Structures are given as C-alpha cells and as structure tokens.
Amino acid sequence: MFTESIQKTETNRKKGGVQQFLSFLLLPVFALTIFAGKASAQIEGDLDAEIPFQFHVGTRELPAGKYRIHVLDEGSLRVMEITSTDGSTSALFQVQESDAKSAPAQSELIFNKYGDNYFLSKLYDEGDPSGSELIESRYEKQISKGAVVAEEHVPTNHKMQQGN
C-alpha cells in the first residue's frame, strides 16, 4: 500500500511536470501570435516630408528640408532611418509601438516642441491609429525638464515600397 501510494505520487508529479513544460512552451507562441498583428500595423514603406524647421532625432540635430523616413530592418520594425532627399544627412533611431486616440486623417510626423527645440516624436499612417513612437533621448529629457511641451504636426506622403 505504501509503495502504491509512492507510485501514484510519482506519476502525478510527472504529469504535472509535462503540463507545466507545455504551458511554458505554448505561452511564447501565443504571445507571438497576438503581437505579430500589432508589429505589422506600424509604419511600412517610405514617408516623405518637408520639414520647415531645424529638429532633433535622438542626439542628432538636422536642418529644415525634405526628408525620407523608412524602416531600416523589415524584420524587427524597431530601427528606422531619416535621410535628407539630397543624401547629405541622415540619422538612425529606435521606435516602439504607439497608438493614437483616433486614426489620423493623413500620414504625419509629430514633433515635441520645447521653446525653439523640435524633437521628432511619432509617425502615423493615414487612417491607422497604430504608428511608431521614438524612444526619448537623454538630450530630449534634459531639454524638456520644466519646459512646456507643444506638438507640431507635419504632413507626409506615404510611399509603399515596390520591389527593390
């Protein structure tokens, strides 16, 4: 009887271990399934914009002008590049998912404004409330201390990538 009780306990422990292992295995698969749709909702293709003021992207300061923004690595959708259309200046930046309160009527860039300093903050496609938000740099955090923040919206033209 004692031996039978130990065998039942051992069998239950093995079943519990297998169930726990399967739970740990299925959890990441489930999470990836949910978040895969979210990642694809971020900016895809190129955004072209004429930015009428000097601005910051991370720690880089860029002059006013015409720019193209695109995802640098299609696999991660986390690193983007902004390049002047004449190719004279560019900057890389990291983004994370951002959700607008409502779908924007047009594709746009949103800049945080602190006094005379503009920082690229968010990017949205027309009709899609899911976009991309830049990860705030230390420099922006420093400038924003005690400053009143305003937003400046700059319209963009969205160009979907067509065969490279």
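**Close-up views of the predicted model**

The structure, a predicted model, holds six aromatic pairs.

**View A. Edge-to-face contact of Phe-53 and Phe-111.** The two rings form an aromatic pair with centres 5.0 Å apart and 85° between the planes, an edge-to-face arrangement. Phe-53 belongs to the loop between β1 (46-51) and β2 (55-57) and Phe-111 to strand β7, so the pair ties together parts that are 58 residues apart in sequence. Both Phe-53 and Phe-111 are buried.

**View B. Edge-to-face contact of Phe-55 and Tyr-67.** Because the ring centres of Phe-55 and Tyr-67 lie 5.3 Å apart with their planes at 85°, the pair is edge-to-face. Phe-55 is in strand β2 and Tyr-67 in strand β4 (residues 65-71), so that distant parts of the chain, twelve residues apart, are linked. Phe-55 is buried, at 0% relative accessibility, and Tyr-67 is buried with a relative accessible area of 2%. Phe-53, Phe-55, Tyr-67, Phe-111 and Tyr-118 form one aromatic cluster.

**View C. Strand β7 and its two antiparallel partners.** Six of the seven residues of β7 (residues 108-114) are buried. Seven bridges join β7 to the antiparallel strand β8 (residues 117-124), with Asn-112 opposite Phe-119 of β8. Two residues separate the strands in the hairpin of β7 and β8, where Gly-115 takes a positive phi near 65°. Seven bridges also join β7 to strand β10 (residues 149-155), again antiparallel; here Phe-111 stands opposite Glu-152.

**View D. Met-80 in strand β5.** Met-80 lies in β5 (residues 79-84) and counts as buried at 1% relative accessibility. The C-alpha atoms of Met-80 and Gln-94 are 6.3 Å apart in space, and the two residues are 14 residues apart in sequence.

How values were computed
Residues numbered from 1 in each chain as written. Predicted model: local features only at pLDDT ≥ 70, side-chain atom pairs only at ≥ 80, totals over all residues. Heavy atoms only, no water. Buried < 20%, exposed > 50% of the residue type's maximum accessible area, 1.4 Å probe, protein only. Helix = DSSP H or I, 4+ residues; strand = E, 2+ residues; numbered from the N terminus. Pairing = 2+ DSSP bridges. Phe/Tyr/Trp six-rings, centres within 6.5 Å; stacked < 30°, edge-to-face > 60°.
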